[in-house]
Structures are given as C-alpha cells and as structure tokens.
Amino acid sequence: MAAGAGSGAQFVDRVVVHAAAGKGGNGCASIHREKFKPLGGPDGANGGRGGDVVLVVDSGAASLLEYHRRPHRKAGNGRPGQGGHRTGADGVDVVLAVPDGTVVKEGDRVLADLVGEGTRFVVARGGHGGLGNAALATAKRKAPGFALLGEPGDERDVVLELKSVADVALVGFPSAGKSSLIAALSAAKPKIADYPFTTLIPNLGVVSAGDTTFTVADVPGLIEGASEGRGLGLDFLRHIERSSTLAHVLDCATMEPGRDPVSDFDVIERELQAYDRVLGDRPLSDRPRIVVLNKVDVPDGRELAEMVRPEFEARGLRVFEVSAATHEGLRELSFAMAAMVAEYRASLPPAEPTRLVIRPEPVGDGADFEIRDLGDNTYLITGAKPVRWLRQTDFANEEAVGYLGDRLARLGVEDALGEAGASAGATVLIGTLDDSVVFDWEPEVPAGDVAPGPRGTDRRLDGYR
C-alpha cells in the first residue's frame, strides 16, 4: 500500500518481491597434462555456488518503497570451475534492507517474522555448483570425462508486509489529533493539516518518561467499517498488532454532526474487536487501553471532556485530558504510558536471540523418492534427490548419463520399479507431470560404478542411442 501523491515521499507497507537466486557454476572436466606425461589425473574443479537473495532488518529502512518500484531482484550466478583445480567464484548475494517488523509470506504461509536489527532471512537460496571431474574420480572411474552441471537457484514470489514495532498505538478517528499528539510527545515531525485522512502513513515517535523509553505509533485511517475494508483502516490495522498498549485519542472539539467522544470510542472499539478474527493469541480487545480526551485548550472541548469523563471512568478506564497544542496534561499521560509499557515488558519471558527455524518438507513418508503408476507401463518418479540429479546431468555426454543411471540404481530406483510392476521398455518420467525427463527403462542394462569406456562415452548405452 502506497500513500497518495499529495503526501510527499511515498510510504509502502506491502509489496510483492520476485526473488531469483543465482545459478551454480558448472563443474569442469579437465585432465592434467605435462611434458612427457600427456595423460595425468583429472584436475577439473567445482563450480561456484549461486548467490542468495537475503532480507536483513535495517533501522535505516522506514518503508518498502524501494521494492514497490523495483520488485524483481536477482542474485549473481556462480562461475564455472576450471582446470588446474581452480574452483569457480561464488555468485554475489543480493542483500535487501527491510524495516524492523517486516513479515515475509508466501501465499497464506508465513515464512519469517523479522524483528530486531540485523535479523537475516534467506528468501531465495543460490544453486550448488557442479562437481568437477576431480571430485568424481573413483578407483574404477579414474579420469571421468564429464562434470556435473550447476543447479538452478530458487525463484519465488514473496509478499513483504510491514507491521510497525511500537509499544503504544494511538487509535482514533481522522483529525482526532493523533499526529499532533505524537509530535508533542516526541521528536517526530509528521505532516499535519486540518482535514480528514491528513495522515496517510503510520508515524513513529520515541518517548522518554522517567527511566522508561518507548515508541508510540500514530495509526491513521480508522473509520466505521475499517475492519471490512472501508477507508484506509484495513491497510493500517496491522500496524497496531505488535503494540502492548492502546490509547484512544478522542476529539473533544469536533464540529461534525452526530459525533462525540463516547460514540467515537464505541465505533473504534467495534472495529478493533472485529479485527481480532485475523489475530492469534493476543487479540486487540484484550490489551490494556487508556482514553485521551484531546483539544481541551478549546473552551467547548474542555467542557465536553469534563462531561464525558465520568462515562469512561465508569467503564473502568483511565482518562487523561490533554492538549497537544499547549502540552497540557502530556507529562501525566507520558508517565502513565511508560508505566503500562514497563508492566508489560516485565511480564515477558527473558529475551532470546532471534532464531529462524527451517523445516524441510518431507517427501511422502520420508523416503528419498516415490513411484507412481500412471498405467500403460508408464511410471512417474518424484523426489528431491532424483530431480536434483537430473538438473546436474549433461545429457549430451553419454558418460554423464550413465553416471546418473548408476546414482539412481544405488538409490534403489531400479528395484522399486521392478516391485511396482514395471517391465522392460517401460516409460519412466522423473520430475512432475508438467516438467519431467522421459527415459525408456531397460532392466538388463547393468548398473553400478563400472568402467564405462573411453572418456565421455558409456558402452552400456551402445544399443540404446
């Protein structure tokens, strides 16, 4: 969501980023050569890994505007390996600075909640570099005539949502004086004007009261129906999700017909309760709140504040009569906020370093691969290892194809095909129905780490070219 054109610098708190990590460099197939020693050992080195796309919390980032303007981000590719055991250089990482409180989503799934300066999350991981033939040599395959290809990097579209990290959220109707109040309480300098929706971005201010320092957020745009998407409210409600304390800022000098502090309070409370449905264990309706009767510097405002104060106190709420213009009552208000924030902080468990837990998604019941019978002697093989090995294989090189067959056999694919009922000549697809490599299965072709023949060839494939 971006602020309107009249608001100066844009504020963006929700973007879609298209992140593409770098491809791994290909391995090198090279043979060491010296004078009077034309065929030495293999000396082809591995390719470099592809660069990652990394999100990092940076206090200097206030908005997601940069990614609204440039949503496509790509990391560098790894360089290929070279002869003489010279490993390819790694691809350059792309590091994206995001504000504190950025949530990373893929569809409806939350991938990471980035809170705390320096917190990092790899949103797209670069592909591994391919092994060179020096790393593939064995006792029977002393000088491989092939190398493995580098793997492609991750590509994913993620949603970044900013949720302000503030201790106290100021909520209330447009023009209730929230921006003026936050400017008076702190050193923040929000743009202020006397018309509805003057604030199109959440303003943050730092307030000190005694030994307690806390942040205050001015959350704009709440009107009746905000939780259902009316006005700007739904876009900004998420900015108060992290706040421990809510302060209702009520306009005691409004000239709009049909409005008064009590009815305004009730409308905003209904919207906050309606928004609880999207929150987890800490709904907004459960958080401590105070009432701030603003604009008592206006004679009619002071009279109205004195009239409605008993109504709020009868509901068990603490009430403060203040004026952002003259600073009346602000010291008492700031110390009351500080006490509520300190009480909440004291209730929290000891802080632990931010951790990001990666949970790999298992294939089926945890097996390395699965075989699906598609009928008519056709079988689909899925699984991370077979698909990864396909990507590493240079199909223009017979020896590389034979090596792939050996790897699949060692994994148990040959035996599993037989147990699944496959017969000679079966069509085997590896990958997905929409994206796969097709093979003809010939069970009589021997598998295993055998001497394949001249470099780059495999005698076992002579009859199947």
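Buried, in this talk, means under 20% relative accessible area, exposed means over 50%, and partly exposed is in between, with a 1.4 Å probe and protein chains only. By that definition both F146 and Y403 are buried, and I will come back to them.

First, the ground rules. This is a predicted model, so to speak of local features we need pLDDT of at least 70, and side-chain atom pairs count only at pLDDT 80 or more, while totals for chains, interfaces and linings use all residues. Residues are numbered from 1 along each chain as its sequence is written, and side-chain values use heavy atoms, with hydrogens and water left out.

Now the overall picture. The protein chain has 10 helices and 18 strands; these are DSSP runs numbered from the N terminus, helices being H or I with at least four residues and strands E with at least two. Of the 465 residues in the chain, 48% are buried. Taking contacts between residues at least 6 apart in sequence, 70% join residues at least 24 apart, where contact means heavy atoms within 4.5 Å.

Next, the aromatic pairs. Rings of Phe, Tyr and Trp (its six-membered ring) pair if their centres lie within 6.5 Å; planes under 30 degrees apart are stacked, over 60 edge-to-face, and the rest tilted. The count comes to three aromatic pairs. One of them is F146 with Y403, tilted, at 5.2 Å centre to centre and 45° between the planes. F146 sits in the loop between helix 2 (133-136) and strand 8 (155-162) and Y403 in helix 9, so this pair ties together parts 257 residues apart in sequence.

Another is F395 with F439, also tilted, with 6.2 Å between centres and 45° between planes. Here F395 is in the loop between helix 8 and helix 9 and F439 in strand 18 (residues 436-441), 44 residues apart. F395 is partly exposed at 39% relative accessible area, and F439 is partly exposed at 21%.

How do helix 8 and helix 9 pack? Helix 8 (residues 384-391) and helix 9 (residues 398-411) meet at an angle of about 170°, with axes 11 Å apart. Axes are lines fitted to C-alpha atoms over the stretch in contact, and angles run from 0 to 180 degrees between N-to-C directions. The two helices are therefore roughly antiparallel, a label for angles over 145 degrees. Helix 8 contributes K385, P386, W389 and L390, and helix 9 contributes L404, R407, L408 and L411.

Methods. Angles under 35 degrees count as roughly parallel, over 145 as roughly antiparallel, 65 to 115 as roughly perpendicular and the rest as oblique.
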